[in-house]
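User: Could you take a close look at one part of this model and tell me what surrounds it? I would like a connected account, with the cut-offs behind each term you use.

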Amino acid sequence: MSYEASVEKKDRYLHVRVTGENTPENVRAYLCDIYRACAESGVSAVLVEEDLRGQALDPVDVYRIIAESSAQTAPIIQKIGYVDLNSEHSAANTSLGEAVARDHGVNVRAFSTVAAAEQWLAPPDG
């Protein structure tokens with residue numbers, strides 16, 4: 001597989017950084033890695049910082065991948081913040097993925113910056 005995923009444990013979530021080639025196989029694989037990391041650590045919130053090279057995935061692939069992976073998200077993963085750092089990727093695909101996941105009961109939200117996702121995942125105590 002031509003991707004790398006690093007996991008950093010924060011106070012209230014895992015921060016997963018993914019780099020490599022943007023392919024359906026790599027996206028499926030890194031989503032499995034995220035599930036495994038959350039299950040092993042007992043952390044139920046995750047920030048996905050994706051920086052995959054290459055063209056945007058076909059919307060049909062986005063739908064299939066998100067529908068498949070959403071089925072195994074709960075109860076291990078309760079909250080997902082997602083940031084796609086590749087500005088060449090389709091904002092429509094991000095919106096589609098977010099909608100499909102939510103339709104499958106996943107608490108996910110896409111953000112344009114890591115800082116905004118961090119704020120949502122771990123708001124300051126007030």
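**From a side chain to the sheet**

Analyst: Leaving aside neighbours within four places in sequence, Arg28 is in contact (heavy atoms within 4.5 Å) with Arg64, Ile65 and Glu68. This is a predicted model, in which local features need pLDDT of at least 70 and side-chain atom pairs count only at pLDDT 80 or more, whereas totals for chains, interfaces and linings use all residues. Residues are numbered from 1 along each chain as its sequence is written, and side-chain values use heavy atoms, with hydrogens and water left out.

Arg28 belongs to helix 1, residues 24-41, where helices (H or I, at least four residues) and strands (E, at least two) are DSSP runs numbered from the N terminus. Its relative accessibility of 30% makes Arg28 partly exposed, a class that lies between buried (under 20% relative accessible area) and exposed (over 50%), computed with a 1.4 Å probe on protein chains only. Although 34 residues separate Arg28 from Val62 in sequence, their C-alpha atoms are 10.0 Å apart in space. Asp61, which lies in helix 2, is likewise partly exposed, at 23% relative accessible area, and its C-alpha atom is separated by 6.6 Å from that of Pro24, 37 residues away along the chain.

Val62 also leads on to Asn93, which touches Ala56, Leu57, Pro59 and Val62 when residues up to four places away in sequence are not counted. Asn93 is found in helix 3 and counts as buried, with 12% relative accessibility. The side chain of Asn93 also reaches the backbone oxygen of Leu57 at 2.6 Å, which falls under the heading of a polar contact: a pair of N or O atoms within 3.5 Å, where within protein one atom must be able to donate a hydrogen and the other to accept it, and residues adjacent in sequence count only if both atoms are side-chain atoms.

Five strands form an open sheet in the order 1-2-3-4-5, with mixed pairing; two strands pair if DSSP finds at least two bridges between them. Strand 1 (3-9) and strand 5 (108-111) each have a single partner strand and stand at the edges, so one side of each is left without a neighbour in the sheet. On average, neighbouring strands here are turned by 20° against each other, direction ignored, with axes taken as lines fitted to C-alpha atoms, for helices over the stretch in contact, and angles running from 0 to 180 degrees between N-to-C directions.

Strands 1 and 2 (residues 14-21 for strand 2) run antiparallel and are joined by seven bridges, one of which can be followed from Ser6 to its partner Arg17 in strand 2; a hairpin of four residues connects these two strands. Strand 2 and strand 3 run parallel, with eight bridges between them, and Thr19 has Asp51 in strand 3 as its bridge partner. Strand 3 (residues 45-53) in turn runs parallel to strand 4 (residues 79-84), through six bridges, and here Leu47 is partnered by Gly81 in strand 4.

Helix 3 (residues 91-103) packs on this sheet, where it touches strand 4 and strand 5, and its direction makes about 165° with that of strand 5. The 13 residues of helix 3, at 1.5 Å a residue, should span 18 Å, and its end C-alpha atoms are 18 Å apart, which agrees; the expected span is 1.5 Å times one less than the number of residues. Buried in helix 3 are Asn93, Gly97, Glu98, Val100 and Ala101. Seen down the helix axis, these buried residues fall within an arc of 165°, so they line one face of helix 3, the arc being that of the directions from the helix axis to the C-beta atoms. The face turned away from that buried side carries the exposed residues Ala91, Ala92 and Asp103.

The cover over the buried residues of helix 3 includes helix 2 (59-70) and strand 5. Glu98, at 18% relative accessible area, is buried, and it touches Val108, Arg109 and Ala110, not counting residues up to four places away in sequence. At the start of helix 3, a side-chain oxygen of Ser90 comes to within 3.1 Å of the backbone nitrogen of Ala92, while just after the helix Gly105 takes a positive phi of about 85°.
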